[in-house]
Amino acid sequence: MSLLPVEEALGRLLALAEATPIDAREIVSLAAADGRVLATDLVAGLDLPPWPNSAMDGYTLRLADWQGEPLAVSQRILAGQAPEPLQPGTCARIFTGAPLPAGADTVEMQENAEILADGRVRFLEPIKVGQNVRPQGQETRAGEVVLPAGTRLGPVELGLAASLGCAVLVVRRRPRVAVVSTGDELVEPGQPLGPGQIYNSNRSLLCAWLQRLGCEVRDAGILPDDAQRTREALAALGDADLILSTGGVSVGEADHLGQVLREEGELALWKLAIKPGKPLTCGHFRGVPVLGLPGNPASTLVTFALLARPYLLRRLGVQRVAPLSVEVAAGFAWSKPGKRREYLRARLENGRAVLYPNQSSGVLRSAAWADGLVEVLEERSYAEGDVLRFIPLSEVLG
């Protein structure tokens, strides 16, 4: 079987996600909306700002009424105060954020004004119409779509919604994800290790990560080494939107998870042109989608970041699912081109990507040390200083 390119694998997963969207909606308060995904467009119900206001502390006037002479101050306008119409031939003292009085069309900052002994104000610099004025509707107009459906909400988006007076938002229901592990060698942290056993780190990694993505996480433990008990364990997860497993699924007789998926649903085994990674399971159990990641910790991290995370976000209607990346100079030489695309754990030092010395798929410490993933393309060698794509871990973990 030929290796499946990363882009093709992602395209297939996103198509599956779009075929099984999580459409259910909830109305939540702004305080509960962080990390959620908008289910409907956020439409402005008012102009923002609602009226022209001053961008500076200073003096406001109608420029056509001023011939260069000092002007009397006819009123003082604070933010949150409704001003009187501007008296002709006068100016008004105004503060940042305060609404302009009717008849005024410009603001001069106080640094360019001189207060005379008789209380009048002389302006020391040329003045232009509209300077230092935030016009009504500068940010948005009533009826305008401010945030489209499918936007993932963060502090900035919630602040914008608050500025429009929104107390609640309509969002997609949280995905319900059940996390299971396979492998007789796995032991839960806190338990004694037997011969050949290791502690199960993948579920801790994935459960915390899924919660950051706004999922409802069900820790379903380690699947038993028995086909019937595996079937019963999966059947208990029927209300999940996704069963996410780690550990190998194969065609062997001892592979009970694969056996159950073949008997009770559908199973596809993909071999990806990605490193760390390569094996990926895609299918469903009695209608519930199943995604199986490789068992080595660094492989789990990379495949979840680049494939499972976009899949989950697309099921919520998010369109921009690719992580933001930057171009950086290689702080290393890469002289061994491979057939798979590699994602190396690296950190930035003096603007260059420096690699963790051990890039084994079993070394999770490499990711704890790193700032992000450096992408090394298939069949490519690199000299120190060559430009590579760098994906910050903060982009995929948040």
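# Chat: helices, pockets and loops

Me: Let's start with the helices. At what angle do H1 and H6 pack, and how far apart are their axes?
Reply: In this predicted model, H1 and H6 pack at about 25°, and their axes are 8 Å apart.

Me: Roughly parallel or roughly antiparallel, then?
Reply: Angles under 35 degrees count as roughly parallel, so H1 and H6 are roughly parallel to each other.

Me: And is their crossing left-handed or right-handed?
Reply: The crossing of H1 and H6 is right-handed.

Me: What about H3 against H6, what angle and spacing there?
Reply: H3, residues 202–212, packs on H6 at about 30°, with the axes 11 Å apart. That makes H3 roughly parallel to H6 as well. H3 also passes H6 in a right-handed crossing.

Me: OK, zooming out. How is the chain divided into domains?
Reply: There are domain 1 (6–24 + 173–316), domain 2 (28–33 + 37–48 + 138–172), domain 3 (53–134) and domain 4 (326–395). Domains 1 and 2 are each put together from separate stretches of the chain.

Me: How far apart are the centres of domain 3 and domain 4?
Reply: Taken over C-alpha atoms, the centres of domain 3 and domain 4 are 57 Å apart.

Me: Pockets next. How much space is in the largest pocket?
Reply: About 470 Å³.

Me: Which residues should I click on to find its centre?
Reply: Arg152, Leu153, Glu157, Arg309 and Arg320 lie nearest the centre of the largest pocket. They belong to a lining of 22 residues.

Me: Now the second largest pocket. What's its volume, and what lies nearest the centre?
Reply: The second largest pocket has a volume of about 260 Å³. Of its 16 lining residues, Leu16, Glu266, Cys282, Gly283 and His284 lie nearest the centre.

Me: How does that lining split by class?
Reply: The second largest pocket's lining has 11 nonpolar residues, four polar and one charged.

Me: Which helix and strands supply it?
Reply: H1 (6–19) does, along with strands S18 (265–271), S20 (279–285) and S21 (288–293), and each supplies at least two residues of the second largest pocket's lining.

Me: Who lines the largest cavity?
Reply: Gly35, Arg36, Val37, Arg172, Arg173, Arg174, Pro175, Leu213, Gly214 and Leu316. By class, that lining is four nonpolar, two polar and four charged.

Me: And the second largest cavity?
Reply: Pro175, Leu213, Cys215, Leu312, Leu313 and Leu316 line the second largest cavity. Those six are nonpolar, with no polar and no charged residues. Pro175, Leu213 and Leu316 are also in the lining of the largest cavity.

Me: Switching to the backbone. Where are the cis peptide bonds you've got?
Reply: One runs from Leu48 to Pro49, with omega near -5°. Another runs from Lys275 to Pro276, with omega near 0°.

Me: Where do those two prolines sit?
Reply: Pro49 is in the loop between S2 (42–43) and S3 (53–54). Pro276 is in the loop between S19 (274–275) and S20, and S20 is one of the strands supplying the second largest pocket's lining.

Me: Last one: which residues other than glycine have a positive phi?
Reply: Among them are Asn132, with phi near 60°, and Glu379, with phi near 55°. Asn132 lies in the loop between S9 (121–123) and S10 (133–134). Glu379 is in the loop between S25 (372–376) and S26 (387–392).

Definitions and conventions
Residues numbered from 1 in each chain as written. Predicted model: local features only at pLDDT ≥ 70, side-chain atom pairs only at ≥ 80, totals over all residues. Heavy atoms only, no water. 1 Å grid on protein atoms, 1.4 Å probe; cavity = no way out; pocket = protein on both sides within 12 Å on 5 of 7 lines; lining within 4 Å. Points joined across faces, edges and corners; volume = space filled by probe spheres on them. Helix = DSSP H or I, 4+ residues; strand = E, 2+ residues; numbered from the N terminus. Nonpolar A, V, L, I, M, F, W, Y, C, P; charged D, E, K, R; others polar. Domains from an automatic or database assignment. Axes fitted to C-alpha atoms, helices over the stretch in contact; angles between N-to-C directions. Parallel < 35°, antiparallel > 145°, perpendicular 65-115°, else oblique. Left-handed = near helix turned anticlockwise from the far one by under 90°.
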